[in-house]
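Hi there,

Here is the structure I promised to pass on to you. Have a look at it first, and then read on for what turned up.

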Amino acid sequence: MDLALAHETLARWQFGFTTVYHYLFVPLTISLAALTAGLQTAWVRTEKEKYFRATKFWGKLFLINIAMGVATGLVQEFQFGMNWSAYSKFVGDVFGAPLAMEALLAFFFESTFIGLWIFGWDRLPRKVHLGCIWMVSIGTFLSSYFILAANSFMQHPNGYRIAANGRAQLTSISKVLFQDTTLAAVFHTLAACFIVGGAFMVGISAYLVLRARRQPLEERDGTKIATIRTSLRLGLWTALAGGIGALLSGDTIGRVMVQQQPMKMAAAEGLWHTAAPAPFSLFAIGSLHQGRNVFEFNIPGLLSFLSYHDFHSPVRGIVDVARQESTQFGGEWQHYVPDIFESFWAYRGMITFGMISVAIAVAGLWLTRQKRWIDPRFRRPETELPLLMLTRERELSPFLTTWAWRIALLTLGFPLIGNALGWLFTEMGRQPWVVYGLMTTADAVSPNVSVTEQIISLGVFAVLYGALAVVEVRLLIKYVRKGIGDEPPPSHEPLPRGPLSPESDDEPLTFAY
Amino acid sequence: MHLTDFWFLVIAILWIGYFFLEGFDFGVGILVGVVARDDRERRVLINTIGPVWDGNEVWLLTAGGATFAAFPVWYATLFSGFYLALLVILVCLIVRGVAFEFRGKRSGRRWQRNWEHALFVTSLLVAFLWGVAFANIVRGVKIDADEVYVGGFWDLINGYALLGGFTTLFLFTFHGAAFAALKTLGPIRARVRRAALLTGGVTAVLASAFLIWTQVDQGLGATPPGGLGGGWSLAALIIAVVALVSALAFARLQRDGWSFALSGVTVVAAVAMLFLSLYPDVLPSSLDPSWSLTVSNASSANYTLTVMTIVACVMTPVVLAYQAWTYWVFRRRIGVSAIPQ
C-alpha cells in the first residue's frame, strides 16, 4: 500500500476507534449524572427511602462509567497533537479556544465536584452535597457544548479568516460558540444521550424485575421493589423525552446540513443526482463507478419535505455537489465523494437503533401506566412488581410478560450503537474534508509520525481499551446482579464543622476507596 | 507585557500547579507500593488523595488545552514529536485513573493487589517520564525549518533527560511522602515520614545536580536572544534548593505542615526555573537556534489570546476557590481505624 495512504488510514482508524470508544461512556455519563442528581433531589425533598436507594444504586453505575469516560478523555485531548499536527497548527487558533474553555469551565467542575460527591456523604450538609452532583451534571453539559462547538467548526467553519501565514485565525468567538450548526448539534446530541441513559435504566430495571419475579411474594423487600418501579418509570420517561428531542432536533440538523453540507445529506440518502421532488430512500445499493444506484426503494418526495418542509424543492445530488467542488478545488469529482455505503447505512442505523428504544419506551409506558398503581381499586402492596397490562382488566399472558421484560433488557445497548453510528455518519460524511472546504483529511496528519509508531499506538490502545472494556462490563454486571442496596439513608445531617469545632480524626468514613 | 508572554506565564503556572498537585498524588501512588505494610495501610494512603486526584489531573488537561489555543505550533510539534513517550504517559494516566475507581469495586484480594500494583507502576513511570519530557523541552530537540520534530524516540533518551526523570521521580515521591505524613495517623505516619527523609535526601542530590546542570547549560552563556538572562533562573534554583533542605529539616522535626509546604515550594521553584530558562523559546531547536519555536512564532493571534485571557481571568479564581474548598472539606487526617471494612 502507498505509504501516505497508510499514514492517513492509520491515523483515521486510531481517531475513530478511540473516539467511538470514549463516546460509549460519554452519553451514559451525561444522562446518568442528571438522572442521579434528579433522584437525589427527590430524596432530599421527600425523604422517601426509595429515592435514596435509587440514588446510591444508579450513582454507583454512574461512577464506574465516569471513571472510564475521564480516563479515555485524556487521549482525546492529546491525539490532535499526536496524529494530526498539521491540522492542529492550521486550526489551533480557532479550535483550541473551545477546547481550553472546556477544561477551564467544565472539566474542573466535573472532576472536583465528583470527588466531593463521592466522599462527601458524611462531610457536607445534605443540600450542599446535593449541589455537588448538580455541579457534576452541569459540568458534563458544558463539556459537551464546547466539544460540539469545536466539532461544528469542522463541519461548518465560521468566525475565522485565513491569515497571511496560511493558518486559520479566529475573528469571532461567538460565531464559533453560537452558530446554528453548534446549537443544532448540541440539542441533538444531548437528546440522544438521554435516550441512552433512559434505555440503560429501563434495561437494568427490567432485569431486576425479571429477577425479583422469581422471589416469593413474602420475601420481597417493599422499598427495593418501589425503587425498581421508580427507576423503571423514570427510565421510560427519559427515553421517550430523549426520543422526542432527538426527532425534533434531527429535523433541524437535517435542514442545517442540507444548506451547509449538501454532500453529507446526499450521501446519507444515496441520492446521486439532484432531484425535485427528492425521494427518501429506504434501501439502496449504489456504485461510485456508475454514479447511480443499482437497486433502490424510495418514498417519493419525503426527502424534499425533510430538507425544506415542502414536497417539491430540489435536493442536490452527490454527482452535482462533487462536480461543483472539483471545479472549485481541482481534481477528479470522485475525489470529493465520501464513502456512500458507510454514510448511507450509518445514517439508517443511527435512526433505527435510536428509535427502537424509544418505541419500546412508549410501549412500556403504556403497559405500566401509573394509574394502575394509584387507582385504589388497582393498588397493590408495596412488594408487588409492576404488571404489564393491556387494558384495565387484562394483563399480558405470562409468556408475553416474560418476553416483554427480556426485550426491554435487550434494548439497553441499542441507543449506544445508534449514537456511535451517528458520530460515524457525521465524521464520515464530511470526508475527504477534515475542515469542510478548508483542509482535507490527507493534509491534516502529522508529517513526522512514522507508520511504525502509529501501528504501535493503535495496537496499544486496542489492547488496553479491549481489556478495560472487559473489566468495565464485568463490574457493571456485578453491581447490577447485586441489585438495589440495603444501606439505610443517613438518619441525620452531618454537622457543619468550623475551624474551631472539636472533631475526631479517626472516626470511620462512610465511604473510602 | 505582550499577550503572548502573558500566555507563556499562564501555561507555566498551569504546569507548576499540575506538578504541585498531581506531583504529590503520584508520590502517594508510589508509596502505596513501597511503604504500606498491609491492606488497610494501603487504603489509608489511597484515601488521602481519593477525593482530590481527579481534580488535580484537570490541571494537565487545562495546560494541554491552553497550549493548543495559545500556542498551536508548540502543541502540534511537541505532541507529535514526543509521540511514543506521550503514548506511555497517556496509557499510565488511563490505567491510574481507573485503578482508583475500580480497586475497591470488588473484594477479591488478587483483584485489589493487581490494581495497587498498577497504581504503583503507573505513578512511578509518569513521575519519571514528565522529568524526561521537560528536560528535553528545556535542552532543545531536533526541530527543522518547518517546525517539525525530525528526531526519533531514542533522541529523547540522554544523560540530562534521564537525570531530569530521576529528579522528578524522587522529588514527587518526597512531596507525596510529605503530604501523606500530613494526612495520616499512627504507624503509617511514622513510616511515610521515614520515607520522606530517605527520598528527600536522594532528591537533594539529584535535584541539585539537575538544576545546576540546567543553569550552566541554559542560564549563563546560552541565554536565547530576548531571554531573561541567568539571574532569574539562578534565583529560582537557590529557592528550590533552600526549600528542599528546609523541607527535609522540618520533616526531621516532625513538623508535617511546614515540611509539605516547603516540598511544594521546591516543586514550584524547580518547575519555574525550567520555564525561566526556556523563555522566550517554547521549544528550542538543537539543529539551528533560528528554527526554535518561540512565544512569538508559535502563538495564536491576538484576538484568540484576548478571548482566552478574559475567560481565564474570570474562571481561574472560581476554580481555585472550589478546589481549595475541596481540600478544606477533606482536611482531616485519616488512620487505619477510619477505613470502613
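Let's start with Glu22(B), which is buried, with a relative accessible area of 0%. Its partner in a salt bridge is Arg96(B), and their closest N and O atoms are 3.8 Å apart. Arg96(B) is buried as well, at 1% relative accessible area. The two residues come from distant parts of the chain: Glu22(B) belongs to helix α1 (residues 3-34) of chain B and Arg96(B) to helix α5 (residues 83-103) of chain B, 74 residues apart. Please keep in mind that this is a predicted model.

In general, side chains of opposite charge can pair when their charged atoms come close. Over all chains, the whole structure holds 23 salt bridges.

Another one joins Arg333(B) and Asp256(B), with 3.6 Å between the closest N and O atoms. Arg333(B) sits in the segment after α11 (302-329) of chain B, while Asp256(B) is in helix α10 (residues 256-278) of chain B, so this pair ties together parts 77 residues apart in sequence. Asp256(B) is buried at 4% relative accessible area. Arg333(B), at 18%, counts as buried too, because the cut-off is under 20%.

Chain B also has a network: salt bridges with shared partners join Asp39(B), Arg42(B), Arg103(B), Arg113(B) and Glu116(B).

Now for chain A. Arg123(A) and Asp122(A) form a salt bridge at 3.6 Å, N to O, and both residues are buried.

Enjoy exploring!

Technical notes
Residues are numbered from 1 along each chain as its sequence is written. Chains are lettered from A and ligands numbered from 1 in the order in which they are written. This is a predicted model: local features need pLDDT of at least 70, side-chain atom pairs count only at pLDDT 80 or more; totals for chains, interfaces and linings use all residues. Side-chain values use heavy atoms; hydrogens and water are left out. A salt bridge is a side-chain nitrogen of Lys or Arg within 4 Å of a carboxyl oxygen of Asp or Glu. Buried means under 20% relative accessible area, exposed over 50%, partly exposed in between (1.4 Å probe, protein chains only). Helices (H or I, at least four residues) and strands (E, at least two) are DSSP runs, numbered from the N terminus.
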